[in-house]
Amino acid sequence: MTIAYLEHANITVENPDELASLLCTLFGWKVRWSGGAKNDGYTVHVGNDKDYLALYRPKIINDIESDYKTLANINHIGIVVPNLDETEQRVLALNFNTFSHGDYEPGRRFYFMAQQNIEIEVVSYN
């Protein structure tokens with residue numbers, strides 16, 4: 001049996017182009033596709049050749065409070081990097097605040113808010 005893998009996740013964001021640009025800058029990703037989407041929305045697919053995030057903006061954005069207490073909200077996106085310290089320096093250089101630094105078996109991590117209610121966990125297993 002072939003092992004399944006996650007190809008993409010589709011998340012609703014305030015500004016898909018802005019978030020895609022940030023993810024490309026920080027993680028060396030690329031925009032794979034962008035264009036019209038469901039219900040007159042707009043989507044940007046950003047990632048690598050194997051997997052990606054679909055960043056969806058509906059025609060009308062409803063203000064959503066993220067509190068980790070409701071179903072169907074994304075709590076955070078975890079991204080593995082080869083060098084945590086170098087990546088954190090790139091994040092800080094773009095004036096984002098990092099928080100919740102931690103070492104745990106088998107890796108290290110930190111978090112930052114990439115956009116309203118879009119928390120990114122950056123982790124390294126090196």
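**View 1. An open sheet of four strands, ordered β5-β8-β7-β6, in a predicted model.** The pairing within this sheet is mixed. Strands β5 (77–80) and β6 (98–104) stand at the edges; each has a single partner strand, so one side of each is left without a neighbour in the sheet. From one strand to the next, the twist averages 25 degrees. Strands of a sheet pair through backbone hydrogen bonds, either parallel or antiparallel.

**View 2. The pairing of β5 with β8.** Strand β8 comprises residues 118–124 and runs parallel to β5, to which it is joined by four bridges. Within this pair, Gly 78 stands opposite Glu 121 of β8.

**View 3. Two helices packed on the sheet.** Helix α1, formed by residues 16–27, packs on the sheet and touches β5, β7 (107–115) and β8. The direction of α1 makes about 150 degrees with that of β7. Helix α2, formed by residues 84–93, also packs on the sheet, where it touches β6, β7 and β8. The direction of α2 makes about 20 degrees with that of β7.

View 4. Ile 11 counts as buried because its relative accessibility is 6%, below the 20% cut-off. Apart from its neighbours within four places in sequence, Ile 11 is in contact with Ala 54, Leu 55, Tyr 56, Ile 74, Ile 77 and Ile 118. Ile 11 and Glu 121 are 110 residues apart in sequence, and their C-alpha atoms are 16 Å apart in space.

Notes. Residues are numbered from 1 along each chain as its sequence is written. This is a predicted model: local features need pLDDT of at least 70, side-chain atom pairs count only at pLDDT 80 or more; totals for chains, interfaces and linings use all residues. Side-chain values use heavy atoms; hydrogens and water are left out. Two strands pair if DSSP finds at least two bridges between them. Axes are lines fitted to C-alpha atoms, for helices over the stretch in contact, and angles run from 0 to 180 degrees between N-to-C directions. Contact means heavy atoms within 4.5 Å. Buried means under 20% relative accessible area, exposed over 50%, partly exposed in between (1.4 Å probe, protein chains only).
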